[in-house]
Amino acid sequence: MGVPARVTSALAGVVGRGSVRVAPAELETYASDGLPTHHSRPGAVVLPGTREELVRVVQLLAYHRVPFVARGAGTGLSGGALADADAVLISLTRLTRILEVDPANRLAVVEPGVVNTRLTAATEPHGLHYAPDPSSQTVCTIGGNVAENAGGPHCLKYGVTTNHILELEVVLPDGSVTTLGSKHGEPWGPDLVGLFVGSEGMFGIATRITVRLTPLPKAVRTLLADFETLRIAGEAVSAIIGHGFVPAALEMIDRNCIRAVEASIYAAGYPTDAGAVLLVELDGAAEAVVVAEGAEVERLLRACGARTVQVASDASERERLWQGRKKAFGALGRVNRDLFVQDTVVPRSALPHVLEQVDRIALAHGIHIANVFHAGDGNLHPNIAFDSRDPDQLERVERASAEILEVCVAAGGTITGEHGVGADKLRYMPLIFDGDTLGAMRAVHLVFDPDEIANPGKVLPIHACRDWRRAAAGGAPAPMAAAGGGA
Amino acid sequence: MGGAGLSIVRRLRSLLGADAAIGTDAAGLPRVAPRSEEAVALVLGTAASEGWRVRIEGTAGWMPPDAAADVALTTGQLTQIPHLDASDLVATVQAGVVWNDLRRALADHGTWTAIDPPGSGRSLGSVVATGTAGPLRGGFGNVRDHLLGVTLVTGDGRVIRPGGRVVKNVAGFDLTKLAAGSFGAFGLLTSVTLRLRAVPRADLTLVGSGQRDALLTAAQAILETGTTPAALEVLSPRAARANDWMLAVRLVGSDPEVDAARVAVGGAVALPLHELPVQEAARLWPEALAGATLGGSTLRLGTLPTSLDDALDLVEHHLPEGWLSVGVGAGIVRWSGDATAERLKLLRRAAAQQEMPLTLERAPWEVRAQTGHFGAYREGVGRLVSALRHTFDPAGVLVVPVGDA
């Protein structure tokens with residue numbers, strides 16, 4: 001068990017002794033990510049300071065067949081960046097250089113440890129920004145965003161990470177370095193960039209990332225509508241999208257969450273008797289655009305049953321309306337010892353029904369759930385409060401969480417919209433994929449990582465993956481029309 | 001049809017019964033049109049065990065159906081739209097549905113898909129398998145960006161269903177993206193789930209004419225204002241059906257959005273641009289795109305928007321004069337004409353030196369077979385592509401010259 005001392009010594013030879021951690025107290029820092037239910041202490045942590053060091057670290061670990069797990073800021077919510085005692089955790093937080101900003105071609109080249117908002121700050125003087133904005137964006141890294149195919153509130157209009165990654169230089173698990181895609185986004189052969197993004201660190205590590213930059217909107221309009229019930233708010237979401245509006249963001253906050261926010265220092269003036277509030281942000285190329293669209297959306301919200309609609313008239317007002325949404329997790333964390341953030345997606349039209357089912361599940365298991373989520377995408381985030389010291393509560397949370405996923409899948413949805421599968425949702429993968437599809441994913445994984453040393457044990461429940469090679473050798477399936485006959 | 005062909009036809013009839021239309025093509029080659037994905041799986045699974053070579057066909061509207069093979073497998077009977085939800089803006093469509101029929105069906109429900117593929121009369125499967133986005137790529141992304149999931153029957157007859165029917169989904173590895181644009185190298189797409197949009201309330205086209213480089217400069221100036229037109233295309237005289245090059249700008253969205261963009265575009269360029277009447281605009285784009293099959297071959301070259309003139313110079317230096325369309329925002333040069341494999345390979349190598357990948361989108365079989373759809377990969381990529389092909393098509397059933405050497 002554990003990482004052999006000769007390997008940690010060799011790693012120290014690459015990155016320096018100060019950048020290899022083996023003391024238990026130091027390793028404990030890396031034993032969790034943003035998900036409170038998983039804990040695993042790595043055998044060692046290595047912090048390469050340059051791209052060259054990173055490549056040499058992977059080559060060394062590949063040579064010794066030591067498993068490794070790449071990690072950015074550790075803000076993931078699926079236990080995806082946890083390593084066990086036999087594995088080395090490679091922290092990318094020292095690779096923080098923005099290598100190039102090319103405004104004319106609307107792109108930037110960065111190292112994987114660059115923090116999301118730092119990239120946007122560097123490109124704003126050129127009138128551009130990096131659009132994907134996960135709620136951890138002030139600390140999470142672009143490398144982590146690539147691994148998880150991260151989303152965020154503004155992905156409704158601008159797309160998720162995969163829509164913004166043009167080219168990737170990667171070190172594969174065998175230590176070889178290759179470049180996928182091209183700087184302008186045209187695939188160079190089959191779309192290996194699209195395949196790599198969201199592979200949760202199991203296909204290798206991105207060493208240089210070329211991202212697409214998006215022009216900053218010149219005008220923004222934010223509206224806050226409150227509704228009697230979640231159902232009516234859910235119906236308003238479908239109406240807005242169905243009328244051809246593509247808001248920059250369309251977020252929903254339910255009563256439990258509103259009350260937590262309003263009882264905290266982050267109080268945003270949300271009506272505490274509302275069943276839900278909808279936050280609608282419109283952006284555009286001119287003030288006249290958002291004023292006109294804002295007026296139309298306001299009419300639509302009222303027609304759908306909004307009790308009141310507040311329209312932010314300036315930046316500070318907009319900030320106040322957003323505060324409740326942005327600080328919701330903090331407000332919920334303040335009043336609950338532990339918080340489990342679920343991540344599922346359903347078709348927009350199923351939102352009212354599914355939200356009612358989530359309520360029913362909470363009631364049945366005697367637990368408290370607050371919803372704050374990306375309604376425009378149908379991307380739900382039920383926040384389940386619990387006390388991890390109480391095994392009975394933990395078990396009820398587990399059961400409720402599983403039931404929520406089942407309801408979402410039955411409604412035509414999926415088990416994760418932006419947090420990833422990681423270690424947490426392995427067991428739910430067979431809910432949405434059959435054995436052949438899982439088997440194909442595993443076969444593709446083995447193309448990139450035949451020795452299975454990059455983030456082993458994540459994403460794919462091996463027992464549910466139909467054996468690709470063995471099944472292939474079995475030949476053709478049985479004839480469909482046993483009696484034969486012509487067509 | 002020879003004895004081998006007859007025996008394949010008999011075998012297919014016995015296997016598939018009424019679940020496929022079976023006949024022969026013009027050259028007497030067995031041609032099978034399965035009516036279900038299970039039947040497609042049976043054909044490919046049997047081909048893998050019998051050693052048949054299979055050619056995939058759509059409507060033959062884009063890729064000439066002339067590849068050397070033992071069997072032609074067509075999506076011609078997969079023409080249903082099993083799921084179209086206008087409120088969720090999602091549709092699941094079988095691969096054999098003809099693009100224009102799909103457009104009409106979507107419009108009947110007040111929806112559209114922001115993909116405008118070149119060519120005409122093509123099937124959805126062809127558009128997705130070849131990843132051939134048209135001018136709207138500049139504003140709405142590549143074909144892959146519109147896909148939520150696919151059903152793919154692999155070269156050895158397995159049915160896989162990556163992705164799903166929701167607009168945000170990070171469960172598992174994204175095999176949908178691998179299948180899109182890989183020219184059928186990994187299997188046959190039987191159905192595709194598309195992300196739709198509500199029909200835009202305003203749709204406006206501005207055009208201007210002039211010399212090639214002046215128009216490229218004007219287009220670049222439009223991008224520099226921070227405006228992202230739905231399409232920003234510089235068309236060669238042949239593509240524009242005019243005496244000069246044409247700059248065509250398409251703006252879609254809400255009325256105020258399009259009005260603001262029109263003002264921004266007009267202020268960015270000295271070139272006079274005039275707005276096309278609705279009927280004329282509705283003709284311009286499909287007519288320009290239909291020309292993408294004027295020549296025997298069609299290719300696209302990817303480049304940075306600021307290097308488009310270099311890319312055009314390369315194309316014009318290596319290839320005979322042809323139909324040309326330049327997506328300025330997307331950084332794409334598309335050419336159609338007649339060229340030998342040697343010329344195309346020379347261009348591919350020269351372009352690769354400038355970091356410009358060349359994708360051969362369509363060509364007569366002998367040109368495709370020698371040139372490959374892709375090639376001149378960066379170090380290490382060819383190895384991955386070969387291994388992926390072997391994973392999905394271990395018996396080498398699919399006749400797709402993907403260029404994985």
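A: Two residues are in contact if their C-beta atoms, placed from the backbone, lie within 7 Å. In this predicted model, residues 24 or more positions apart account for 68% of the contacts in chain B that have a separation of 6 or more.

Q: What makes chain B as compact as a globular protein of its length?
A: Chain B has 14 helices and 19 strands. The comparison is with a globule rule of 2.2 Å times the number of residues to the power 0.38; for 405 residues that rule gives 22 Å, and the radius of gyration of chain B is 21 Å, close to that value, so chain B is as compact as a globular protein of that length. Along its principal axes the C-alpha trace of chain B spans about 65 × 50 × 40 Å.

Q: How many of the residues of chain B count as buried, and what makes a residue buried?
A: A residue is buried if 20 or more other C-beta atoms lie within 10 Å of its own, and 62% of the 405 residues of chain B count as buried.

Q: Why are S1 and S3 of chain B said to stand at the edges of their sheet?
A: The sheet is open, with 4 strands in the order S1-S2-S4-S3 and mixed pairing. Strand S1 (20–24) and strand S3 (54–57) of chain B each have a single partner strand, so one side of each is left without a neighbour in the sheet. From one strand to the next the twist averages 25 degrees.

Q: How do you know that S1 and S2 of chain B pair?
A: Pairing requires at least two bridges between two strands, and S1(B) and strand S2 (residues 30–34) of chain B have 5 bridges in the antiparallel sense. As for individual partners, B:Ala21 has B:Ala33 in S2(B) as its bridge partner.

Q: Which helices lie on this sheet, and at what angles to S2(B)?
A: Helix H1 (residues 3–16) of chain B lies across S1, S2 and strand S4 (71–74) of chain B, running at about 15 degrees to S2(B). Helix H2 (residues 37–50) of chain B packs on the sheet and touches S1, S2, S3 and S4 of chain B, its direction making about 145 degrees with that of S2(B).

Q: How do you know where domain 1 and domain 2 of chain B touch?
A: The domain assignment of chain B gives domain 1 (83–198) and domain 2 (201–363), and their C-alpha centres lie 24 Å apart. By the 7 Å criterion for C-beta atoms, 13 residues of domain 1 of chain B are in contact with 19 residues of domain 2 of chain B. On the domain 1 side, the largest share, 4 residues, comes from helix H5 (residues 137–140) of chain B, and the residues of that side divide into 4 nonpolar, 7 polar and 2 charged.

Q: What makes up the contact between chain A and chain B?
A: The contact takes 82 residues from chain A and 84 residues from chain B. Elements giving two or more residues to the chain A side include strand S9 (177–181), helix H8 (230–242) and helix H16 (435–448) of chain A; H16(A) gives the most, with 8 residues. By class, the chain A side divides into 37 nonpolar, 35 polar and 10 charged residues.

Notes:
Residues numbered from 1 in each chain as written. Chains lettered and ligands numbered in written order. Predicted model: local features only at pLDDT ≥ 70, side-chain atom pairs only at ≥ 80, totals over all residues. Nonpolar A, V, L, I, M, F, W, Y, C, P; charged D, E, K, R; others polar. Axes fitted to C-alpha atoms, helices over the stretch in contact; angles between N-to-C directions. Buried ≥ 20, exposed ≤ 12 C-beta atoms within 10 Å, placed from the backbone. Domains from an automatic or database assignment.
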